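Please look over the sequence and the model below before reading on. The briefing then takes up a few side chains and their surroundings, one topic at a time.

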Amino acid sequence: MQFFTFLRLPMIDRYILRQLLIALIATTGGLAALIWLTQSLRFVSLVVERGLSLKVFLQLTGLLIPSFVAVILPITTFVVVQFIYQRLDGDREIIVMRAAGISSFSMARPGLICSIISMIFCYLLNVWIVPTSYHTFRKFEYKIRNKMAAFMLEEGVFTNASDNLTVYIKSKDSNGNLQGILIEDDRQPNNKATILAERGNLVILNDQPQVVLFNGSREVIDHKTGRLNILNFERNTIDLSSNRNDAARSRDATEMSIYELLHPDPEEVANKDYGKLAVEAHRRLTSPLTIISFTLIALVSVLKGSFARFGNILRPLAAIFTIVGLLAASLIMQNLASRNTNLIFLMWIIAILPGIIAGVTLFGSEMMTKLHHNASFHPSSYGRKL
């Protein structure tokens, strides 16, 4: 209330805007929580099978919430504006406002303010919060999975430490001392090895799980000669992380900043991926703009047209199908633009043009009437008429 008063908004604007913001927070929060619940199920195995604490699980999956909010915010803003204004129309409040001489722009102003607030928040998410939180999530997940790989080894069980590394131990004590070790290391396709050791110790070095082996041998088949080469050792260290190159883990596009997406490092990104990164950058910049367009489409469906005593279901349905069509067109255009970057400008057109059309449809006649009215009473016009 103090915030609205500070902006010196009229009472009717504060009344509608309060309903919009409360509904927007509730809808976005509820939908984001539902998506978080479904997406976090893939990490439940870390809790059930590997003993990950609930606190760490919540910290890990909670880092994904900003990315969920950034995706659904344009849709929830449209739904909230459509619902609140439809309810006002159903309660005859829109009719009362029109009878009081309130213009369409004045009635639409709370919805536009709500959409601008959503757009600014969406820009903060896309440009700063989501890349930072997702980068932290990837690092946290990588660290947890690698540490878990060292402690999930079970006695008398062939354990897949990764897709290409299998470990068997005869016995294990609470201090990480292992007895009777067999490792099948397939991380080098042309140099697959079987490693045997009498004993070993589990250690974590630079967040990398490793096992130090004592009194063992490394057996490798020479593919050229077919002979079995055996190398005996007194001490050897094996990295149990999912890949030898994990320390230099490639970053996902979601982790990169706008500048990094538009100016990728040639050593980090392949040439074939430049288009995808450019599309991701422009998607982050255009997605918040769709909030304004979606809001104007919702306002047109409610404020434009004649009053129906028993309601009008066709206009809300038309608005919903329009939004669905725009979302589908946006996805198709992103796919095409990733292959041909010359089409990226169409992403901006899809984001902005519907809002311009809806704005002209909703406010065009009022603006023309006002301009005509001002021209009619302009002093120079009055003098010419005399």
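Predicted model: local features only at pLDDT ≥ 70, side-chain atom pairs only at ≥ 80, totals over all residues.

- Because Phe 105 belongs to helix H7 (residues 104-151) and Phe 363 to helix H12 (residues 345-376), their pair ties together parts that lie 258 residues apart in sequence.
- Phe 105 is partly exposed, with a relative accessible area of 40%, whereas Phe 363 has a relative accessible area of 10% and is buried.

- Tyr 134 and Phe 137 form a tilted pair, in which the centres are 5.7 Å apart and the planes make an angle of 35°.
- Both Tyr 134 and Phe 137 lie in helix H7, where three residues, about one turn of the helix, separate them in position, and both are buried.

**Charge over a ring**
- Arg 199 is placed over the face of Phe 214, at 4.4 Å from the ring centre.

- Gln 334 is found in helix H11, which covers residues 314-339.
- Gln 334 counts as buried because its relative accessibility is 17%, and the cut-off for buried is under 20%.
- Leaving aside residues up to four places away in sequence, Gln 334 touches Val 279, Arg 283 and Met 347.

Definitions and conventions. Residues numbered from 1 in each chain as written. Heavy atoms only, no water. Helix = DSSP H or I, 4+ residues; strand = E, 2+ residues; numbered from the N terminus. Buried < 20%, exposed > 50% of the residue type's maximum accessible area, 1.4 Å probe, protein only. Contact = heavy atoms within 4.5 Å. Phe/Tyr/Trp six-rings, centres within 6.5 Å; stacked < 30°, edge-to-face > 60°. Lys NZ or Arg CZ within 6 Å of the ring centre and 35° of its normal.
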